[in-house]
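Dear colleague,

I am handing over the structure below, and after it you will find what came out of going through it. Please read the notes with the coordinates open beside them.

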Amino acid sequence: MRAAEPFVVEVRDPVQSGVTVSVPLDLRDGRATRATSRLTRLRTALADGG
């Protein structure tokens, strides 16, 4: 994920197919902040054994 405006998720397969897919995301209204918070909680839960 590139932190730019707009946010873009990019998936690359340089070894097999050579294909790169880029998908722009509309992350207005604090969605990125909420997603980061959820990801942090998930990582903490996984590190603590769930």
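Among contacts in the protein (heavy atoms within 4.5 Å) between residues at least 6 apart in sequence, 7% join residues at least 24 apart. Please bear in mind that this is a predicted model, in which local features need pLDDT of at least 70 and side-chain atom pairs count only at pLDDT 80 or more, while totals for chains, interfaces and linings use all residues. Residues are numbered from 1 along each chain as its sequence is written, and side-chain values use heavy atoms, with hydrogens and water left out.

The protein contains 1 helix and 2 strands, taken as DSSP runs numbered from the N terminus (helices H or I with at least four residues, strands E with at least two), and along the sequence they follow the pattern β-β-α. Helix α1, residues 31-47, has 17 residues and reaches 24 Å from its first C-alpha to its last, close to the 24 Å expected at 1.5 Å a residue, where the expected span is 1.5 Å times one less than the number of residues. Just after α1, G49 takes a positive phi of about 90°.

In the loop between β2 (19-25) and α1 lies R28, which is exposed, with a relative accessible area of 56%. The C-alpha atoms of R28 and F7, which are 21 residues apart along the chain, are separated by 10.0 Å.

Of the 50 residues of the protein, 4% count as buried; buried means under 20% relative accessible area, exposed over 50%, and partly exposed in between (1.4 Å probe, protein chains only).

Best regards
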